[in-house]
Structure formats: C-alpha cells, structure tokens
Amino acid sequence: MTTHFMEEAERLCDRVLIIDHGLAAALDTPAALIRSLSAEEHVSFEGTGIDDTVLAIVRAIPEVRGADRSDGRIVVSGDPDQVLAPTLAVLRDSGVAVHDLRTEGPDLEALFLALTGRAMRD
C-alpha cells in the first residue's frame with residue numbers, strides 16, 4: 001500500500017517504509033518506529049482541587065518529565081504509555097476531580113517530521 005496519510009499507515013500496516021526524496025529513511029513496524037522517536041506523551045485536563053502541592057506530587061512521579069499549567073489546563077508530559085495511569089492515580093488519591101481529559105502521543109506524522117524536517121505534502 002502507498003499512502004501519504006500517516007494515520008492510515010499507522011492503523012493499517014504491519015510494516016512501514018518512510019521514503020524521503022527517493023531514499024529509504026526508516027523501515028519497521030509502526031510501533032517500533034514511533035518508539036524510536038523518543039517523544040513524550042502529553043496528558044492535559046482540567047480539574048478542581050489542583051494546587052501547587054498536587055502539581056509537585058505529580059512532578060515526582062518517575063514517568064513524568066513535567067507538569068505545568070497552560071491556558072487553564074494542566075499539561076503532564078512523560079514516557080509514552082506510562083504517564084497516564086500513575087498521574088490519574090495520584091490525582092484520585094489527592095481528591096482531584098478531573099474532567100476534559102485529553103492525551104496526545106507521538107505518532108508516525110511526528111516521526112516523518114523528525115526524519116525529514118518537514119510536514120507531509122499532498
């Protein structure tokens with residue numbers, strides 16, 4: 001299959017070859033390619049009862065690389081597939097009510113950008 005849609009390739013393919021200007025830039029499974037990126041996952045949410053003490057506890061989680069306030073939301077970044085569960089556990093134990101939770105992890109689009117230095121072109 002040939003596609004310019006990285007989301008489609010990530011979802012449908014067992015192996016992905018990324019070609020840049022006619023040269024093979026990367027070849028592996030989508031999951032392995034994404035892991036090779038060493039990018040962070042971002043978990044953002046709104047919540048009640050979040051103070052500086054709770055943020056300090058979240059920052060102390062080993063998988064968390066950062067936790068800050070941004071545009072009225074809390075944004076936690078860290079190891080992909082490892083930051084969400086411990087963060088939610090700490091928030092629950094601290095009595096924080098979380099709402100509007102969003103996660104954003106690395107994907108093939110981010111990998112393509114990292115490898116080629118430019119976004120996909122149609």
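What radius of gyration does the protein have, and what would a compact globule of 122 residues have? The protein has 17 Å, whereas a compact globule of that length would be near 14 Å. Here the radius of gyration is taken over C-alpha atoms, and the globule rule is 2.2 Å times the number of residues to the power 0.38.

## Before we dig in

This is a predicted model, so to speak of local features we need pLDDT of at least 70, side-chain atom pairs count only at pLDDT 80 or more, and totals for chains, interfaces and linings use all residues. Residues are numbered from 1 along each chain as its sequence is written, and side-chain values use heavy atoms, with hydrogens and water left out.

## Overall layout

Picture a box of roughly 55 × 25 × 25 Å along the principal axes: that is what the C-alpha atoms of the protein fill. Inside are five helices and six strands, and reading along the sequence gives α-β-β-α-β-α-β-β-α-β-α. Helices (H or I, at least four residues) and strands (E, at least two) are DSSP runs, numbered from the N terminus.

Contact means heavy atoms within 4.5 Å. Take the contacts between residues at least 6 apart in sequence: 61% of them join residues at least 24 apart.

## Surface and charge

The protein exposes about 7600 Å², and carbon and sulfur atoms supply 51% of that. Areas like this come from the Shrake-Rupley method with a 1.4 Å probe; for residues, only the protein chains shown count as cover.

As for charge, there are 11 positive side chains (Lys and Arg) and 22 negative ones (Asp and Glu), with His and the chain ends not counted. The centres of the two sets lie 1 Å apart, placing each charge at NZ of Lys, CZ of Arg, CG of Asp or CD of Glu.

## What's inside

Of the 122 residues, 33% count as buried, meaning under 20% relative accessible area; exposed is over 50%, and partly exposed is in between (1.4 Å probe, protein chains only). In soluble globular proteins, nonpolar side chains tend to be buried together.

A nonpolar core is a set of buried Ala, Val, Leu, Ile, Met, Phe, Trp, Tyr and Cys residues joined through side-chain atoms within 4.5 Å. The largest one has 15 residues, and F45, V64 and L91 are among those with the most contacts inside it. Two or more residues each come from β3 (41-48), α3 (52-59), β4 (64-70), β5 (73-78) and α4 (84-93); α3 gives the most, with three. Apart from this core lies another, of twelve residues, including M6 and L108.
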